[in-house]
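Open the model in your viewer and keep the selection tool at hand. The stops below say what to select and what is there.

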Amino acid sequence: MNILNSRASGILMHISSLPSEGGIGTLGSAAYSFVDSLRKAHQTYWQILPICPTSYGDSPYQSFSTYAGNPYFIDLELLEKEGYLSPSDWRNIVWCSDEKSVDYGLLYTERYKVFRIVQNQFEKNPPVDFDTFCKENAFWLEDYALFMAIKDAHGGETFLNWEDDIRLRKSQALTAWKKRCEKEIRFYKMLQYLFFAQWKNLKDYANKNGIKIIGDIPIYVSSDSADVWASPNIFYLNENGYPIEVAGCPPDGFAADGQLWGNPVYNWTSLRAQNYRWWLVRLSHSFKIYDVLRIDHFRGFESYYCIPYGDRTARNGVWKKGPGIELFNLLKEQNGDMSVIAEDLGFLTREVHEMRKTSGFPGMKVLQFAFDSREENDYLPEHYEENSVVYTGTHDNDTLIGWTEGSRPEDVETALKYFGIEDRKRLPRCMMKAALDSVSNTCILTMQDVLELDGSARMNTPSTLGSNWKWRATEKELSNADWNFLREETDRAGRY
């Protein structure tokens, strides 16, 4: 049974945003407490952002690997309890200057020093299932661990700047680097073992308490990733391994130059010739990690926007055809009925709508988009269908309070008239209630809105760098949250 066919609700809250003593949210006690809070508030889902290791810009949508877990999320207190650390190894370190914000610079310089201490203890008596973990995940772990070890040896330099022999994966170079980096390779395998051990325990706890995890995978992978380095033939690259075209979005009313994401686009001709094996393995593996999978930029499978490599803006891009429904038909043949959310936001053509409907996957409705006074749209609740997922906002949107304070006055006025109220301070709760009351089978609210936080708690502003992905909730905020409001409105809306 596809669980998305049942009427339920949940909360969007990334792991990084949880409180902890280590400067960033982890898979430790705060995560378990959050599960408890969701259960008591009669929620069904905990939606998170991609859990992969972050690279330049700290975005979870730009990672060194589509398979690996983010080592920052490994809980140090749990490692201490398991004997890998002593309190003095990590508790006296200054992890951040503000408990409401992640300092990725400090994490980068300090967290791996602690992990080196962990490795010293780990190697004295490796867990009995470590080798089994490495063998079961060898299809991605071998390349990832080697990639990271070589990257460290090059001072973190992008693999596009490595020597030609290893950049192009010549067999002699691979053999030499594996021998040279043996300890470092094992270090990165250890981190993945620890991450997924903690992840499995947390997910098992969530599931036992009736909470399903909604995971998130980007359609694209980072140009500087083990994925591109290990499988260059499935990307649109030249003979030297450099991208020919990169991904993005065309200019629109929100971005005059469009969005230049910079990810290499796929060589769908090559992938089709391989019966889409890389994608089928990737998605099948994701279903082992999550209960529900949100596929980012779903419309890119029908047609995708690609920009000449080296351009400074997205203005010169063109649309090209993707695999369409063919890929998802094969996925269903392999995995049966799947709980998938299709992120179908943005410019949608008739063909995109048809692909999404044929797939049977629910699309997304974002309530903040409903009140654009400049145009008619289908984001008002009366236009929703049951097979959809409604959000008040996503990680790319402002908080509801931030929206009411920073949006065009005409848009806010449109919302006030829609709800029949005059006080804009009432808008956030009216919007949350409207989402819960809608016919959409699934409703996801953001934790920032449940906490009634302003725009300073926004997770991401697209096409900007420097202040994104940093927001964290404090223990006090989560403890004082109006969980009763959430529980009562969830029950009233018949979502429990």
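Start with the second largest cavity, whose lining has nine nonpolar, three polar and one charged residues. In this count Ala, Val, Leu, Ile, Met, Phe, Trp, Tyr, Cys and Pro are nonpolar, Asp, Glu, Lys and Arg are charged, and the others, Gly among them, are polar. This is a predicted model, in which local features need pLDDT of at least 70 and side-chain atom pairs count only at pLDDT 80 or more, while totals for chains, interfaces and linings use all residues. Residues are numbered from 1 along each chain as its sequence is written, and side-chain values use heavy atoms, with hydrogens and water left out.

The volume of the second largest cavity is about 90 Å³. Select Cys52, Thr66, Ile217, Ser286 and Tyr290, the closest to its centre of the 13 residues that line it. Helices (H or I, at least four residues) and strands (E, at least two) are DSSP runs, numbered from the N terminus.

A cavity is a set of points on a 1 Å grid over the protein atoms alone where a 1.4 Å probe fits but cannot get out; a pocket is an open set with protein on both sides within 12 Å along at least five of seven lines; lining residues have an atom within 4 Å of a point. Grid points are joined across faces, edges and corners, and a volume is the space filled by probe spheres set on the points.

Next, select Leu12, His395, Thr446, Gln448 and Met459, which lie nearest the centre of the largest cavity among its 19 lining residues. This cavity holds about 140 Å³.

Now select Met447. Apart from neighbours within four places in sequence, Met447 is in contact (heavy atoms within 4.5 Å) with residues including Leu12, Met13, Phe34 and Trp483. Met447 is also one of the residues with the most contacts inside the largest nonpolar core, which has 160 residues. Such a core is a set of buried Ala, Val, Leu, Ile, Met, Phe, Trp, Tyr and Cys residues joined through side-chain atoms within 4.5 Å, where buried means under 20% relative accessible area (1.4 Å probe, protein chains only).

Finish at helix α8, which supplies 10 residues, the largest share, to the lining of the second largest pocket. That pocket has a volume of about 680 Å³.

Key. Buried < 20%, exposed > 50% of the residue type's maximum accessible area, 1.4 Å probe, protein only.
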